[in-house]
Amino acid sequence: MKLIYTGKTKDVYSLENHQVLLKFKDDVTGENGVFDPGANTIGLTIDGAGKSGLKMTKFFFERLAEKGIATHYVSADLDEVSMVVKEATTFGKGLEVICRYRAVGSFYRRYGAYCQEGDALDALVEITIKDDERGDPTISDDTLEMLGILSKEAYQELKVLTKEICHIIKAELAKKELELYDIKLEFGRDKATGALLLIDEISGGNMRVYKNGTYIAPLDLEKDFLGA
């Protein structure tokens, strides 16, 4: 295998037949030693975080496959802490799609003059561009189209798909009395077919989940949710 990209939380290796291997790390995003799924820097290293994230990711991708939702997922190896996925092209240099059910994190920091922390939001979808230097700014559908990153038609397709996916994830978590506050997803196009795919991972590292009003850290979430 050839290493083609070193990411914050995963390394990417090339495989044959338009597939790549993702090797999960124990690094998580955050600031000043505090985990934050919305941060664009590595904040800390948590032993076992990679395997924990992969367990959650495997569960949710397989559940989405049962629902007929297209993702890049092919297979996972928990012992090797790796996942084989379809090779995908990103929109521009990469977009992050956030679905919000409560006003917390960066949303509350931006709009706190208009809401209380923890206020309910109706599956609000926001898109940010992946740009560490500029702090991953939010971007509108008009700007996405103007810059040639995403057409308005593709934006609407992405928005509808995001809500559908997040509804499934939220419902699965609710079965264990866990409440999804927000989640960050990534999408791309299948390099072989051009089809829209959910990519990256679905784990405690890219969502905020609470139980009875108390925040659940990523590793604790995996144990609580999957009963590990």
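Modeller: Gladly; a nonpolar core is here a set of buried Ala, Val, Leu, Ile, Met, Phe, Trp, Tyr and Cys residues joined through side-chain atoms within 4.5 Å. Please keep in mind throughout that this is a predicted model.

Colleague: Which residues touch the most other members of the largest nonpolar core?

Modeller: In soluble globular proteins, nonpolar side chains tend to be buried together. The largest such core in this model has 47 residues, and its largest share, 9 residues, is supplied by helix H4 (residues 152-174). The members that touch the most others are Leu173, Phe187 and Met207.

Colleague: Turning to the charged side chains, with which residue does Lys10 form a salt bridge?

Modeller: Lys10 is placed in strand E2 (residues 10-14), and its partner sits in the loop between strand E13 (196-199) and strand E14 (207-211), 190 residues apart from it. The N to O distance is 3.0 Å, and both residues of the pair are buried. The partner of Lys10 is Asp200.

Colleague: Is Lys10 buried or exposed, and which residue's side chain makes a polar contact with the Lys10 side chain at 2.5 Å?

Modeller: The relative accessible area of Lys10 is 8%, and because buried means under 20%, Lys10 counts as buried. Leaving aside residues up to four places away in sequence, Lys10 touches Leu22, Lys23, Phe24, Lys25, Asp200 and Glu201. The side-chain polar contact at 2.5 Å is with Glu201.

Colleague: Which residues are linked with Arg100 in a network of salt bridges?

Modeller: Arg100, in strand E10 (residues 95-102), and Glu126, in strand E11 (residues 120-129), are 26 residues apart, and their closest N and O atoms lie 2.8 Å from each other in a salt bridge. Arg100 and Glu126 are both buried. The network links Arg100 with Arg110, Glu126, Asp182 and Arg208.

Notes. Residues numbered from 1 in each chain as written. Predicted model: local features only at pLDDT ≥ 70, side-chain atom pairs only at ≥ 80, totals over all residues. Heavy atoms only, no water. Buried < 20%, exposed > 50% of the residue type's maximum accessible area, 1.4 Å probe, protein only. Helix = DSSP H or I, 4+ residues; strand = E, 2+ residues; numbered from the N terminus. Salt bridge = Lys/Arg side-chain N within 4 Å of Asp/Glu carboxyl O. Polar contact = N/O pair within 3.5 Å; in protein donor to acceptor, adjacent residues only side chain to side chain. Contact = heavy atoms within 4.5 Å.
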